[in-house]
Amino acid sequence: MFDTTIAAISTALAPGAISIVRVSGEDAISIVQSIFNKDITKAKSYTMHYGYIIDENKQPVDEVLVSIFRAPKTYTREDIVEINCHGGVYITRKILTMVLSHGAQMAKPGEFTQRAFYHGRIDLSQAEAVEDMIEATNDTASNMAIQGIRGSVAELIKPLIEDLLNIIAQIEVNIDYPEYEDVAQLTTEELLPMTKTWLEKIDAILARAQSGQLAKKGIDTILVGKPNVGKSSLLNALLEEDKAIVTDIAGTTRDLVEGQIHIGSAQFNLIDTAGLHASTDQIEQIGIQKTQEKLKQAQLVIVVLDGSKPLDAEDQKLLDQTKEKTRLIVYNKKDKLETHSEGIWISAQNHEIDSLLDAMKQLFETNVVNEHPLLSSERQIGLIQQAKQDMLHAKAAMEMGVEPDLVEIDIQSAHDHLKEIFGEVHREDLIDTLFSKFCLGK
């Protein structure tokens, strides 16, 4: 399928100690040989060679190490050569240009991994895990990615596919050989319990997938409260930097201010918002509207109250508005009181927020990633949900007395949706779109 040799810079294009120009394809070794001063045409796989990249006048361009990887035991299952050069942006680009001028084509984003997929080196779920590893921002995300690279999604889904194959095969045997007495006849009464058990397994996977996505991407956390209760001071204390402007003037925060923190294995995506109250200021009203929109989307709401004052009608309105959300109610300005009632009491101005950090950790601390494999992407979750809907249609039909051979089409559709997770059933345009999101050189 791939009859060209491709090349790209596989490291960040920025000044650094080294950069890597990666070349993959049938002509990878001969192309690099044409610009390298040592003979690598007969070099063994997994070897590294010291020398110089040379120009058309045989003049040294850079001192490099060239790594040789021979097919099929490579990332792409093609010959791969990696030129480890000095990490200057200019010199790295120059070497790439030389490689391209000797016959290689510029790789598209994700094309190395795309070739690995098409050559059977990895399945589509593992390809997604490669990108997840590159984009990981916390321990949970990186742990999920490494499990995905090692095939954890296949471990999770393949048994469900086998269950469906067994059902489909039994139905097909009944259709093709109804006269054989030694072939067990699969009836609706027998198929319904199998379908229900399969759906229970799917529900368990989906339930864990949602918590896995929270752990992987972080918990979208919004700080809400009236103006001047200390939300911006709290954001600064959580981030340990002065990111939000803090003054004694109510309504200072008029737009969203964001940041990230890690507490234990959990990542929190923090959003400080405009104070919620009645306002005639047009700009402040826009900020309040943004706050209301973010409030609907938030996975955790931290309601900040002024602990130095009694609750008023606006406080109660905010508490009523957030009662259906996962929330923590925080009383700020504990330094202004000698005694405190029960609850989470902090002093954001004095950075006394340990009680809040403990509450956030207890609320979301989880070890599910280490215990069981998880789905790693929205695409995978969407396909699982489609497979579930297929089987729910089949189940409803069977409960109405429809014969198994007439519901086989729904069961087959569920099977195909699960196979699509690994790319074994796919559309070329969707595959191209998926890999186009990868970075260059991977």
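1. Helix α3 (residues 111-118) lies across β1, β2 and β6, and runs at about 135° to β1; lying across rests here on contact, that is, heavy atoms within 4.5 Å, and the angle is taken between N-to-C directions, from 0 to 180 degrees, of axes that are lines fitted to C-alpha atoms, for helices over the stretch in contact. Helices (H or I, at least four residues) and strands (E, at least two) are DSSP runs, numbered from the N terminus. Seven of the eight residues of α3 are buried, where buried means under 20% relative accessible area, exposed over 50% and partly exposed in between, with a 1.4 Å probe and protein chains only. The buried residues are E111, F112, T113, Q114, R115, A116 and F117. After α3 comes G120, with a positive phi near 80°.

2. A word on the basis of this note: the model is predicted, so that local features need pLDDT of at least 70 and side-chain atom pairs count only at pLDDT 80 or more, while totals for chains, interfaces and linings use all residues. Residues are numbered from 1 along each chain as its sequence is written, and side-chain values use heavy atoms, with hydrogens and water left out.

3. An open sheet of six strands has the order β3-β4-β5-β2-β1-β6, with mixed pairing; two strands pair if DSSP finds at least two bridges between them. Because β3 (47-54) and β6 (105-106) stand at the edges with a single partner strand each, one side of each is left without a neighbour in the sheet. Within this sheet, β2 (residues 16-24) and β5 (residues 80-87) pair in the antiparallel sense over eight bridges, and S19 stands opposite C85 in β5. Helix α2 (residues 89-101) lies across β1 (6-9), β2, β3, β4 (60-69), β5 and β6, and runs at about 150° to β5.

4. How do the axes of helix α4 and helix α5 cross? The axes of α4 (residues 124-135) and α5 (residues 139-149) come within 8 Å and cross at roughly 150°. This makes α4 roughly antiparallel to α5, since angles over 145 degrees count as roughly antiparallel, under 35 as roughly parallel, 65 to 115 as roughly perpendicular and the rest as oblique. On the α4 side the contact is made by Q126, A129, V130, D132 and M133, and on the α5 side by S142, A145, I146, G148 and I149. These residues divide into six nonpolar, three polar and one charged; Ala, Val, Leu, Ile, Met, Phe, Trp, Tyr, Cys and Pro count as nonpolar, Asp, Glu, Lys and Arg as charged, and the others, Gly among them, as polar.

5. N143 has its place in helix α5 and is partly exposed, with a relative accessible area of 29%. Although N143 and K216 are 73 residues apart along the chain, their C-alpha atoms are separated by 9.1 Å.

6. Strand β7 (residues 219-224) is largely enclosed by the rest of the structure, because five of its six residues are buried. Five bridges join β7 to the parallel strand β9 (residues 266-272), and D220 stands opposite N269 in β9. Four bridges join β7 to β10 (residues 300-306), again running parallel, with V224 opposite V303 in β10.

7. I329 lies in strand β11 (residues 327-332) and is partly exposed, with a relative accessible area of 24%. Leaving aside neighbours within four places in sequence, I329 is in contact with V303, L305, L319 and I344.
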